[in-house]
Amino acid sequence: MLVKKSLLAFFFIVALLTIVACSSNDGASTNVNESANNNGDTAFYDGKSLEILIPTSPGGGSDIMGRFMAPYLHEHLEGNPTVQPVNVPGGGTITGSNEFALMREANGEHTFWASISTTTAYLLNNPAVKFDYKEMTPVLGYPDGGVVYISSDTGVTDPSNLLEANQQLVYGGTSATGLPLTTILSFEVLGLDVDAIFGYESSGPARIAFEQGETNIDFQTTSSYLSNVLPLVDSGQAVPLYSIGQINSDGELIRDPQFPDLPTVKEVYEAIYGEEPTGQEWEAYKAFVGALYTVQKVLWVHADAPEEAVKALVVGIENMVEDEEFAVEGQQVFGYDPFVGEELQSLMNQLLDLPDGVQDWVVEYLLREHGVEL
Amino acid sequence: MIETLFQTLEIVLDPSRIGFMFLGIMLGLTIGLLPGLSGTVGMSILLPFVYGMDPFTGMALLIGMIAVVHTGDTFPSVLLGIPGSSGSQATIMDGFPLAQKGEASRALGAAFFCSMIGGIIGGVVLFLVIPFVRPLVLAFGSPELFMLALLGLSMVGILSGKRPVIGIIAGLFGMMLGTIGSAPAVPEYRYTFDWLYLFNGIPLPLIALGLFAFPVLIDLLVSNQSISKGAKLSGSWLTGVKDSLSHKWLVFRSSALGAVTGFVPGLGGSVVDWLSYGIAKQTSKKNESFGKGDIRGVIAPESANNAKEGGALIPTLMFGIPGSGTTAILLGGLLLMGMEAGPQLVTTQLPLTMSIIWTLIIANIFGAIACLLLIKPIAKFSTVHPSKLVPFLAILLILGAYQTSNHWGDIILFLVIGIVGWIMKQLDWPRAPILIGFVLALSAERYLWISFSRFGLEWLTRPGVIIIAVLIVAILASSFFLNRGKKIKTIAEDKGVKS
């Protein structure tokens, strides 16, 4: 009897330990030891492991991307390291970001998968931020985008008659310093009188509020726009206005490759006012589109990691994005073409270096228009 | 639609998919059985494996797991008085006293049978709602969601039993705990003392484990005798099934309540067992025996917590807005299989939705059968002497607490909340109100804020708001009058004794 009981107890403890171990370091890691790639010289990652620190809880879009690429990284990095995505959620991604910068050794065995919340907190000098992108090297970057659309009840049928809406425009989002930041900056550029309401749990409920008529102008990122807003456009309930756009290497705002038919904020401005947008708000909008959307999800490694590690990562990732299977399957997950190598490094330097005065202006704008004190 | 439903059955019953479904069921039952682990953990474990699976197989695995967590979690609630997951805390109220009387098998039998019926009803609700899902979801604007949060909070009065004032204070304390962390709408952090760990607020499982599981450990050690107090394990699970059948109306309405509560995104999903328990207690005749081992107190929460999953899938699948941690990860799983949640799941991808309904129903049936078979071996836990049981449980609970965010703060908070819970238990103060206040605080604040900033005072006149307000007043008034009626009766009885 006693033996039976202790056996049962043993089973439970083993099961529990397995579950706890699995839940923190999920099993996307692949432990196969392949030596086919090693011709004489030992590769840096031979017999090592590579951690992808994901600063969100499992299941979000950003997490899915990190998990998706893990097996491909294993395959394409010379030495075939064990690749482990590790979730460190909390603090609006700041917990994980700080943990990577302060507590992970710069030995090339740790990478960090940053998302839009991380960069927004960084750009707005959130006091909790203890990391500095200047001390990291980007090795893979993906853009994101999105579309601002309006309810057809407002009478607006085309971006050019945006100022002639027959009802007060109301926008709903999470918080002025979150995802909605770039959107409300675009309203400012266009001189739109929009009542911005914050407090929605995420952009999903904000979209429902749009469908209910609680709000009548909204922004959704590309994947959510394609799956949830396009049906509204097709049924005539919503009218797309403009895409958030991308910044090219000359610092100009260009159309989003996912939405070649939608104008940019600049084009809408020109259609309404007959001249190019200027002023602080325009500079701020371009700077934030560049830093937050043109390259949004970035895989970082410590800048002081061993040189051969960074080199192996850059080369391995270049090979990975060339992989046909990765490109095809990845299209569904990422939606955009990646940036890699030196192009990415110089682009990130340029994008994260906001023009003088932009940061101060945004801080002052948030206080003046939205009562948000930073 | 009916045609698609039956065509899909063939896809679901494909042997390879059934295999994955059973794998999911086994994992779901184990996770439910282990205190402190919830469906979210199960989802995180399974997520990496669904990559590359065809959606039907992947969903069989994931939904199979979700469906039965709240079946398996009844074991520790009834046998040990420790919640197996946050969905089965209310089951403790009457399930645990039944186990102490030696009627664990009866309580478990009723619980599993009701879980099964509840789960099936949840699946049927999901099916029936498909044609009306849009208008239904769109009927709940921010003002209505705020009122629903209030409705949940009004349960505090009922669950406080004989001590309404302390119950209300406990509820307010819970709401205060709920405000810890980042505020909705503005980038401000409240009561975090610059400790990054608290920026996201206190994790719900810690509150549940601390309040309900920690005190049991201490009491077990102090009492120095096994839970069933030497009583023999009498009774058969069949008695429990018969009990459920004789209360079939209660099973039905609790399941319906569970499905509806699950469907409202961001609200009540984690307190659905308490809501169901409270309403059952409020509306039952001869309700004095609730809390002392009334089988109805097991039937109500167990029917509701399985039905909830079917309801919770409605906004998740069709609008891409998850109502809980578990469903949030489910959305990620869909993406990994090359699918996206959205209206297309009820049009072009209808078969996938149908397969989910089938999986819910089949998994609930097999989950309940497996649990019924396990009653005999597992019920013996309640006869184990505490000196052997407590160390094992302590490890389980601490690991369970630690896995909520893998931070040492988890263990500190678990102990602090645990001590608060133990003191409250010693004083016989109601603890459920803390939990309800905690869960609903943020949604109440969020939607009140949005309602005012969008509509000013106008939202008070919306028809939905008025209907829910009337409901709240009715619940409060009925509990007040019932309490007063009882008091007069007891005073009369007291006098009778004296004279």
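Predicted model: local features only at pLDDT ≥ 70, side-chain atom pairs only at ≥ 80, totals over all residues.
Let me start with the kink in α17 of chain B: a bend of about 40 degrees sits at L373(B), shortly before the proline P377(B). Helix α17(B) runs over residues 350–379, which is 30 residues. From its first C-alpha to its last it reaches 42 Å, close to the 44 Å expected at 1.5 Å a residue.

Next, another helix in chain B, α13, residues 248–263. Its 16 residues reach 23 Å from the first C-alpha to the last, close to the 22 Å expected at 1.5 Å a residue. Which residues of α13(B) are buried? They are L250(B), V251(B), S254(B), S255(B), L257(B), G258(B), A259(B), T261(B), G262(B) and F263(B). The cover over these buried residues includes α7 (104–129), α12 (237–246), α14 (272–283) and α15 (296–319), which belong to chain B as well.

Staying in chain B, there is a helix pair to look at. Two packed helices are described by the angle between their axes and the distance between the axes. For α3(B), residues 39–50, and α4(B), residues 55–72, the axes come within 10 Å and cross at roughly 170 degrees. An angle over 145 degrees counts as roughly antiparallel, and α3(B) and α4(B) are therefore roughly antiparallel to each other. On the α3(B) side, the contact is made by G39(B), G42(B), M43(B), L46(B) and V50(B). From α4(B) come G58(B), L61(B), L62(B), M65(B), I66(B) and V69(B). By type, the residues of this contact are 8 nonpolar and 3 polar, with no charged ones.

Now chain A. It has 13 helices and 13 strands. Of its 374 residues, 50% are buried. Taking contacts in chain A between residues at least 6 apart in sequence, 76% join residues at least 24 apart.

Last, the interface. How many residues of chain A are in contact with chain B? The count is 51 residues of chain A, against 51 residues of chain B. On the chain A side, the elements giving two or more residues are α1 (2–24), α2 (61–76), α3 (94–103), β7 (194–198), α6 (203–212), α7 (222–234) and α11 (324–334). The largest share is from α1(A), with 11 residues.

Notes: Residues numbered from 1 in each chain as written. Chains lettered and ligands numbered in written order. Contact = placed C-beta atoms within 7 Å. Helix = DSSP H or I, 4+ residues; strand = E, 2+ residues; numbered from the N terminus. Expected span 1.5 Å × (residues − 1). Bend = angle between axes of the 7 residues up to and from the residue. Axes fitted to C-alpha atoms, helices over the stretch in contact; angles between N-to-C directions. Parallel < 35°, antiparallel > 145°, perpendicular 65-115°, else oblique. Nonpolar A, V, L, I, M, F, W, Y, C, P; charged D, E, K, R; others polar. Buried ≥ 20, exposed ≤ 12 C-beta atoms within 10 Å, placed from the backbone.
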